[in-house]
Amino acid sequence: MKILNWNIKRPRINEKRIHEITEIISNISADIIFLTETNTAIEFPEYHKVPTNDLPSNYNGIEFQSGENKCSIYSKTQLSKSIDTYDGFSSVCAETDTEIGKLLLYGSIIGFTGGRNKHFTEDLKMQKLDLQRIAQNENLCFAGDLNISFSGYPYPSKAVQNDFRDFCEVENLEIITQDIANSALHIVLSRDLLKHKIVRITEIPIENRISDRNLILAEII
């Protein structure tokens, strides 16, 4: 199973980058796709989709264009139900059946403008509560732009790194992308899903004019 995670740098409707972005993603043919800083204009006809709420033109002091939203999840398998999150603008959750079993997919951005402000602190606190509530006795795939790097430069701080690692330990979760240096994009899976499986992580370089974040691909074999 392939899981793709990418921040696509706020494309606008009818912007040339949308074609380039969709072509890159389509060529990978992942089973599950998490896109952040995205736009509802991004479509893949062969996938089922659940997005966060469209952002209003002015949200938390930031100007947004038509169709912009913080996160969308795409799945090759049917999304059987949508699950409410604490903030429909910041995160989205749905359930699906995959080749490795039933999964709760939780996609998000933690702190849209970075990891060193009150929005990040509130998002991190509330999304952790979401995950505890939603994933009780369920298998979880949590992915998106967490605004935390676990390797390389300690962003936003070592305290935040350690706090999130401790949270994952308690909740029996594995940050399978934590060894990618200086990456804020991550994929977190329930440890039970990973038993007797091989995990391969690839960071795919992207031209800066397309996105300022590299694409992250996880293969669960």
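Which residue just after H1 takes a positive phi? That's Ser-29, with a phi of about 55°. Keep in mind that this is a predicted model.

Six strands make up an open sheet, running in the order S3-S6-S2-S1-S14-S13 with mixed pairing. At the edges you'll find strand S3 (48-51) and strand S13 (199-204), each of which pairs on one side only. From one strand to the next, the twist averages 15°. For a look at one pairing, take S2 (residues 32-39) and S6 (residues 68-75): they run antiparallel and are joined by seven bridges. Phe-34 stands opposite Ile-73 in S6.

Now back to the helix. H1 (residues 16-28) packs on this sheet and touches S1 (2-7), S2, S13 and S14 (215-220). Its direction makes about 165° with that of S1. Quite a few H1 residues are buried, among them Ile-18, Ile-21, Thr-22, Ile-25 and Ile-28. In an α-helix, residues three or four places apart point the same way, because there are 3.6 residues a turn. The cover over the buried residues of H1 includes S1, S2, S13 and S14. Arg-17 and Glu-20 are charged names on the buried list too.

Elsewhere, have a look at Asp-87, in the loop between strand S7 (79-83) and strand S8 (91-98). Asp-87 is buried but has no salt bridge: Lys-70, the nearest side chain of opposite charge, is 5.2 Å away, and the cut-off is 4 Å. What Asp-87 does have is a polar side-chain atom 3.0 Å from the backbone nitrogen of Phe-89.

Notes:
Residues are numbered from 1 along each chain as its sequence is written. This is a predicted model: local features need pLDDT of at least 70, side-chain atom pairs count only at pLDDT 80 or more; totals for chains, interfaces and linings use all residues. Side-chain values use heavy atoms; hydrogens and water are left out. Helices (H or I, at least four residues) and strands (E, at least two) are DSSP runs, numbered from the N terminus. Buried means under 20% relative accessible area, exposed over 50%, partly exposed in between (1.4 Å probe, protein chains only). A polar contact is a pair of N or O atoms within 3.5 Å; within protein, one must be able to donate a hydrogen and the other to accept it, and residues adjacent in sequence count only if both atoms are side-chain atoms. Two strands pair if DSSP finds at least two bridges between them. Axes are lines fitted to C-alpha atoms, for helices over the stretch in contact, and angles run from 0 to 180 degrees between N-to-C directions. Contact means heavy atoms within 4.5 Å.
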